[in-house]
2 protein chains.
Amino acid sequence: MNRKPRILVIGGLAAGPSAASKAKRINKNADVILIERTKYISYGICEIPYYLTGEYKDKNNLVVYSPDRLQKEKNVTVRTETEVESIDRKNKSLLIKDHKNGIHRKEEYDKLIITTGSIPRSLPFMERSMGNVFTIKELSRAYELHDYIKQHKPSNAVIIGGGYIGMEMAEALKHLNIDVTLIHRRSYPLSKIDENSGKLLLSVLQENGVHFVPDSNVKSFGTDTNDNVKTVVTDNGVFDTALVIVAIGVTPNVAVARDAGIETGHLGGIKTDEKQHTNDDDIFAAGDCCEVRNLITRRPSYIPLATVASKMAWTAGENAAGGSAVFKGAIRNIALRVFNYEVSRVGLTISEAEEAGFKIVAETIEAPSRIIGMPEAARVTVTYVADKNSGRLIGATLIGKDGAVHRGNVLAAMIQMGATVKDVSNLDMMYAPPFSPLWDPVLVAANQTLKKL
Amino acid sequence: MNRKPRILVIGGLAAGPSAASKAKRINKNADVILIERTKYISYGICEIPYYLTGEYKDKNNLVVYSPDRLQKEKNVTVRTETEVESIDRKNKSLLIKDHKNGIHRKEEYDKLIITTGSIPRSLPFMERSMGNVFTIKELSRAYELHDYIKQHKPSNAVIIGGGYIGMEMAEALKHLNIDVTLIHRRSYPLSKIDENSGKLLLSVLQENGVHFVPDSNVKSFGTDTNDNVKTVVTDNGVFDTALVIVAIGVTPNVAVARDAGIETGHLGGIKTDEKQHTNDDDIFAAGDCCEVRNLITRRPSYIPLATVASKMAWTAGENAAGGSAVFKGAIRNIALRVFNYEVSRVGLTISEAEEAGFKIVAETIEAPSRIIGMPEAARVTVTYVADKNSGRLIGATLIGKDGAVHRGNVLAAMIQMGATVKDVSNLDMMYAPPFSPLWDPVLVAANQTLKKL
């Protein structure tokens, strides 16, 4: 090759900077160029609720790498406010628009990594811009939300969507003394959660003063003359509001990829192999724009989480630079704080397992987080989902205080290793009064589930 | 059979009540009789340091089951202050001394479970009773220590032995404003710890004002006329003291079993199969009097921990009652709090792995416990020990705040499932700002260790 290999990366949120940095680390001789549509790169969505409450101290910490820093520390060329309009696979080049000057131009690649992420789902009547309606996805919009709350001091808010971002935002807004109504299309918060866990989560929200409106679909917004939403109209009543947060999930952002003939799956994400190869040998993809192999069902799934995206990104980056890394897939491990409770949702829930065709056994137990007598001892509720045929643990939901979420990681490890419930009951877990009871809730749940298997 | 089967259990501390309760649950028709030498049954040693400081609120909570309660709730007959003097295997009976009335008698069994526990190691010059010298093993002696401190208000104490009980006691006594000198025969606290972890632990002790005396052996005590120890004489200096705690480990209590020809191993504990059978078909053993199979080395090891004892006890209890439960072994998972630090020691340390013949790779990293920016973010130091040949993770030590010990459980799970370091690096761990960083310290350590493998 007469010139340096050029590795282009489209999309700079989370997976992009990781993939670009990894590619450069693997092949120092390559030109690695990161192209991002907005002003910002390398930031976290997950921190936004904590930034709003002030718990997350420094606004600047939301950005892991500024374009300058990524350039300096990782030797990656960063082009912000630059949008990829199309991919010309035949000529291995991108058609690009530079928003700073309006100029269109071509950019050639030897290897391309698509990390275009996801797009927040919206409601049909959200098409025109509404000043007090926010999604939690883009950093600039998060800054605007922060400023909006400071300036307008809304006394109430409607959150549409009771998934994990909806619940985290409910907590954040309550901390800011805003009255919160949470509208959800299912009976319980968190999508596809089992009934026991759902009821418990619901009671946590209610204890903390959140008005949860179940089984409801939003039909329209009532706006004032400034196009600010004043009422949210649902099939279960009309709710006044000064602020609307829409958190009804995301879909893979694949328009540019699909237009170029990059194959997508039935869940809408880009299909890749375990090297993060797309159907084009020179094009890799990583992050929320991709489907990912579910290690439990062995089928494609859509898991738009930073933890999974970052592993895909390292794999894509390494392989685009000539390596041969492998990403086998994920199990879905979601953790969140809901007021003073920890919530962990690992692997498949009951309904997900049934949809996937498993014949399941499920059990819910409640057990102390530490030995009774230690002042911090709290209750942890654990629900296990097991495959009746193999005896394998395939899902767990934990709700409680004092280590529920870290215990979820233990179960994630066991599920990922293909452990049976019997294996879980045999786990050699630690015991020390400042941390746990003699029989950890994880073991208690296993012993109880075993009785049904 | 004309009469009910009789299952006798010798020893009532932790394993005994568990085994007895389990046996009765499995065979409701059996007479299950628990025989205990002292006044107390079913209590925890691990809670004693926290009882001394007052953190563990209720003295009564130290006892899980009183004899009455075990009798009422579990239908187990309990005989306290009753000592087994010998086992007559031929006639399947025990020679027993009732300390309440001095009477000797026989007690027949169909199945016998030996749960005689362990004996604290002592120093040769501790033979006569010394009022201010304590081991942390028997409940009555813990009560006496509690009262001694209340009454005599010692201004200083010498703790002999820097293992986990020694360190927990150092913390407890410092909380009570007692000046603590900790004498240890090795260079760093915690037995066989690697040097990085040892140095860190040492600095934690020193930061908290504990005088750590390394590489020292106690040679004698200087006593006053009331046989109270006033000085502890070592090969590294003489230390004044008003109170002495001896915490130099335990040995299996097997005298009665060995006298009856029950086979013991080279580590001194009773040998059992995975059904907790001894070499006598009608005699089972469980708990600290037993050796246990180490799941990593596949060799016998001695792991006197309540977590392991309780699993052995259930197995022995079930099988003595006609079941066929299996206990495969343990990996050794120790957790402790040392002042404001969490310490987790899972599987093999470097020196243990080398002794066991592994060719090892070890790595130590330091990583944040949560994403930088969250106020509770702390540092966690993680040391991995891997088997160079197989790539398997065989040991981990974690020292830090904010979840170090629960992270140790994740690694315990992986080690027990035979995971490689690569498997650990692939773990689908949760990310949420209130709990973790995007790359958990467990993953960071795996990625760094992989580079050496």
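Which order do the five strands of the open sheet in chain A have?

## A parallel sheet

The order is S9-S16-S10-S11-S12, and the pairing is parallel. Strands S9 (133-135) and S12 (211-213) of chain A stand at the edges. Each has a single partner strand, so one side of each is left without a neighbour in the sheet. From one strand to the next, the twist averages 20°. Angles run from 0 to 180 degrees between N-to-C directions, with axes fitted as lines to C-alpha atoms.

Strands here are DSSP runs (E, at least two residues), as are helices (H or I, at least four), numbered from the N terminus. Two strands pair if DSSP finds at least two bridges between them. Strand S10 (residues 156-160) and strand S11 (residues 179-183) of chain A run parallel and are joined by five bridges. Ala157(A) has Val180(A) as its bridge partner in S11(A). Strands of a sheet pair through backbone hydrogen bonds.

## About the model

This is a predicted model: local features need pLDDT of at least 70, side-chain atom pairs count only at pLDDT 80 or more, and totals for chains, interfaces and linings use all residues. Residues are numbered from 1 along each chain as its sequence is written, while chains are lettered from A and ligands numbered from 1 in the order in which they are written.

## Where the chains meet

In chain A, 51 residues are in contact with 51 residues of chain B. Contact means that the C-beta atoms, placed from the backbone, lie within 7 Å. Helix H8 (306-320), strand S21 (333-338) and helix H10 (404-416) of chain A each supply at least two residues of this side. H10(A) gives the largest share, ten residues.

Of the interface residues of chain A, 100% are also interface residues in chain B, so the copies meet through the same surface.

## Two copies, one axis

A rotation of 180° with 0.0 Å of shift along its axis superposes chain A on chain B, at RMSD 0.0 Å. The two copies are thus related as by a two-fold rotation axis. In chain A, the C-alpha of Val410(A) is nearest the axis, 2.2 Å from it. The superposition is by least squares on C-alpha atoms of residues with pLDDT of at least 70 in both copies.

## Two positive phi values

Most residues other than glycine have a negative phi. Arg298(A) has a positive phi of about 60°. Arg298(A) lies in the loop between strands S19 (292-293) and S20 (300-301) of chain A. Asp402(B) also has a positive phi, near 60°. Asp402(B) is in the loop between strand S25 (393-400) and helix H10 (404-416) of chain B.

Technical notes: Contact = placed C-beta atoms within 7 Å.
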